[in-house]
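Here is a quick walk through one structure, written for someone with the model open on the screen. Have a look first, then read on.

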Amino acid sequence: MSDCIFCRIVEGKIPAKKVYEDDEILAFNDINPARPVHVLVIPKKHITSLATATPDDAPVLGRMLALANRIATEQGSPDGFRIIINTGRVGNQEVAHLHIHIVGGPDPVGPMLKRL
Ligand code: 5GP
Ligand code: ZN
């Protein structure tokens, strides 16, 4: 999808600081980090969101999760991290290409959400 920012990163048309890559997954630093470690992990194949993923996507989604601890450790969050997958309008998803945020660093990232 040529109008998708993350597909353009996969194609090498937009630069990104890559931290992991294999045949079906790419991980790169978030351009606007919320924590000292803030990595986005994406499938190279365009999947819009968890709301549109199909059962066929389950293996790559599982691999993305299974890679998270390795990426977090290598990037400076060896003592835990948080995974966030914003989905759709209610999830405040801004980029319509499924991505896992890995956030962490030396210190705890804080409470999960503001309470109502
Ligand atoms: P979302 O709100 O969709 O879950 O998160 C999108 C994330 O993508 C944001 O944290 C934003 O900073 C990041 N982002 C948006 N555009 C780019 C870009 O061109 N390059 C990189 N590396 N990150 C981006
Ligand atoms: Zn895409």
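Let's start in the loop between β4 and β5, where you'll find Gln93. Keep in mind that this is a predicted model. Is Gln93 buried or exposed? Its relative accessible area is 18%, and buried means under 20%, so Gln93 counts as buried.

The side chain of Gln93 has a polar atom sitting 2.9 Å from the backbone oxygen of Val95. Setting aside neighbours within four places in sequence, Gln93 is in contact with Thr48, Ser49, Asn86, Thr87, Gly88, Leu98 and His99.

## Around ligand 1

Val95 turns up again at ligand 1: one of its backbone N or O atoms lies 2.8 Å from an oxygen atom of that ligand. His99, one of the contacts of Gln93, puts a polar side-chain atom 2.8 Å from an oxygen atom of ligand 1. His101 does likewise, with a polar side-chain atom 2.8 Å from a ligand oxygen. On its own, ligand 1 has 520 Å² of accessible area, and the protein covers 85% of that.

How many residues surround ligand 1? There are 16, and the closest are Asp30, Asn86, Glu94, His99 and His101. Asn86 is also on the contact list of Gln93.

## The zinc site

Ligand 2 is a zinc ion, held by Cys4 (SG), Cys7 (SG), His46 (ND1) and His97 (ND1) at 2.1 to 2.3 Å. Why call the arrangement tetrahedral? Because the four donor atoms subtend angles of 105 to 117 degrees around the zinc.

Along the sequence, the donor residues follow the spacing C-x2-C-x38-H-x50-H.

## Over to Leu50

Leu50 is in the loop between β3 (37-43) and α2 (58-75). With a relative accessibility of 41%, Leu50 counts as partly exposed.

Which residues does Leu50 touch, leaving aside its neighbours within four places in sequence? They are Leu61, Ile85, Thr87 and Leu98. Thr87 and Leu98 are also among the contacts of Gln93. Glu11, by contrast, is 39 residues from Leu50 in sequence and 22 Å from it in space, C-alpha to C-alpha.

How values were computed: Residues numbered from 1 in each chain as written. Chains lettered and ligands numbered in written order. Predicted model: local features only at pLDDT ≥ 70, side-chain atom pairs only at ≥ 80, totals over all residues. Heavy atoms only, no water. Donors = N, O, S within 2.8 Å, 3.2 Å for Na, K, Ca; no water. Tetrahedral: all angles 85-135°; square planar, octahedral: opposite > 155°, others 65-115°. Near = heavy atom within 4 Å. Polar contact = N/O pair within 3.5 Å; in protein donor to acceptor, adjacent residues only side chain to side chain. Areas by Shrake-Rupley, 256 points an atom, 1.4 Å probe, with all protein chains shown as cover. Helix = DSSP H or I, 4+ residues; strand = E, 2+ residues; numbered from the N terminus. Buried < 20%, exposed > 50% of the residue type's maximum accessible area, 1.4 Å probe, protein only. Contact = heavy atoms within 4.5 Å.
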